[in-house]
Amino acid sequence: MNMNFAIDTLYDTRDADGDTLKLLIDTDDSGYLFAAAAKRRREYYGTDIYIRGLIEFTNYCKNNCLYCGIRAENVSAVRYRLTKDDILACCSEGYRLGFRTFVLQGGEDMYYTDGVLCDMVSSIKSAYPDCAVTLSVGERSYESYKALFEAGADRYLLRHETASPEHYAKLHPKSMSLENRKQCLFELKEIGYQVGSGFMVGSPYQTLDCLVEDLRFLRKLEPDMIGIGPFLPHAGTPFNAFEKGSLRRCLNLIAILRLMFPYALIPSTTALGTIHPDGREMGFMAGANVVMPNLSPNGVRELYTLYDNKLHTGSEAAEGLSELRERVAALGYNISYNRGDVNRDCRV
Ligand code: 5AD
């Protein structure tokens, strides 16, 4: 099959059959694919790159995902929790720097009951009514999601991690289920959140068929945000000896996601920046339009380690915004200081 024809068809129809997708996921000749994705992204979002201030507020987690450095059984992890005052201080600094979205991310830490989290969310919203609050705190009950939404949370990030039940079972302990995770995502949508999902690229045992299943699942969910990044091993996990994911595959998938979901907010993730010094720039060139610099207090950044060698000083840090601004300007993009909500309509 002619690859450029397949890309044109994907651009026009926003879909492709499984064999075509597999071909595109693995191509070494991505120029035309990236150009199509860049064009589509401009039609919806112009040259804007949206910024989110990421506050990693707890690295306690009750789960034992086999890939993740903050899994409960990793006894070598040094654990921390931020207080409401700590978090409000992060927001204050973030607001000063120009952030209008705060992402509260953490492990599944039962210390943060609905009462504690709702209070946190409503305090941030009343101090910064022009800002969006995004939560990323894993699987919770419908009632909990509803209460948090009513407290003012606008968005929720919950990657499905893999849409293949067999693959899911290889990455997670028996106590966790893909079904529950999917249900959470549909509940979040129903409640009214802007919802983000996504998956790791190159996680152990992942096949091309798994990735096609991921794309098919996203088609059903139609999330507002889609986050992907390469799997990176962490020494304190059972997956310590596995190979890291492929940068190429990850970039190809960002471009495919842009073409399948033109309206989506797609971050160029810290994991991409970790796997290659210019990884995040490459992500933007492949169609990503969001970046989430770290706003966590300096002392805890290196403790929130989902994988080894995570970046935590430089343009991925919130204080590095001016460096980031220069880096994206060199690519023809600009940092937007708007809230950066999803845009479902083509602008041109
Ligand atoms: N490598 C890459 N990404 C990881 N995540 C967790 N552990 C790893 C790892 N070892 C991702 C998961 C999670 C997100 C917050 O970080 O996809 O949803």
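Leaving aside its neighbours within four places in sequence, which residues is Y333 in contact with? The legends below begin with that residue, and the model they describe is a predicted one.

**View 1. Y333 and its surroundings.**
Apart from neighbours within four places in sequence, Y333 is in contact with T47, I49, F284 and V328. Y333 has 22 other C-beta atoms within 10 Å, and it counts as buried because the cut-off is 20 or more. Look for G46 as well: 287 residues separate Y333 and G46 in sequence, yet their C-alpha atoms are 8.5 Å apart in space.

**View 2**
Strand 1, residues 48-51, pairs with strand 8 over two bridges in the parallel sense.

Now turn to an open sheet of six strands, whose order is 2-3-4-5-6-7 and whose pairing is parallel. Strand 2 (53-58) and strand 7 (225-230) are the edge strands; each has a single partner strand, so one side of each is left without a neighbour in the sheet. On average, neighbouring strands of this sheet are turned by 20° against each other, ignoring direction.

**View 5**
As a reminder, strands of a sheet pair through backbone hydrogen bonds, either parallel or antiparallel. Strand 2 and strand 3 (residues 101-106) run parallel and are joined by five bridges. G53 has F102 in strand 3 as its bridge partner. Strand 2 is mostly covered, with six of its six residues buried. Elsewhere in the sheet, strand 5 (residues 155-157) pairs with strand 6 (residues 194-201) in the parallel sense over three bridges. In this pair, L157 stands opposite G196 of strand 6.

**View 2. Helix 6 against helix 8.**
Two packed helices are described by the angle between their axes and the distance between the axes. For helix 6 (residues 142-150) and helix 8 (residues 178-191), the axes come within 10 Å and cross at roughly 35°. The crossing of helix 6 past helix 8 is right-handed. Helix 6 makes this contact with Y142, Y145, K146 and F149, and helix 8 with E187, L188 and I191. By class, the contact has five nonpolar, no polar and two charged residues.

**View 3. Two residues with positive phi.**
Most residues other than glycine have a negative phi. Y205, which is not a glycine, has a positive phi of about 70°. Find Y205 in the loop between strand 6 and helix 9 (208-221). Y205 has 14 C-beta neighbours inside 10 Å and counts as partly exposed. For E222, phi is also positive, near 45°. E222 sits in the loop between helix 9 and strand 7, and with 13 C-beta neighbours inside 10 Å it is partly exposed.

**View 4. The residues around the ligand.**
To finish, look at the ligand and the residues around it: Y67, C68, R159, E161, M200, G229, F231, L232, H234, A271, L306 and Y307. How many of the residues in this shell are nonpolar, polar and charged? Eight are nonpolar, two are polar and two are charged.

Notes. Residues are numbered from 1 along each chain as its sequence is written. This is a predicted model: local features need pLDDT of at least 70, side-chain atom pairs count only at pLDDT 80 or more; totals for chains, interfaces and linings use all residues. A residue is near a molecule or strand if its C-beta atom, placed from the backbone, lies within 6 Å of it. Ala, Val, Leu, Ile, Met, Phe, Trp, Tyr, Cys and Pro count as nonpolar, Asp, Glu, Lys and Arg as charged, and the others, Gly among them, as polar. Two strands pair if DSSP finds at least two bridges between them. Helices (H or I, at least four residues) and strands (E, at least two) are DSSP runs, numbered from the N terminus. Axes are lines fitted to C-alpha atoms, for helices over the stretch in contact, and angles run from 0 to 180 degrees between N-to-C directions. A crossing is left-handed if the near helix is turned anticlockwise from the far one by less than a right angle, and right-handed if clockwise. Two residues are in contact if their C-beta atoms, placed from the backbone, lie within 7 Å. A residue is buried if 20 or more other C-beta atoms lie within 10 Å of its own, exposed if 12 or fewer, and partly exposed in between; C-beta atoms are placed from the backbone.
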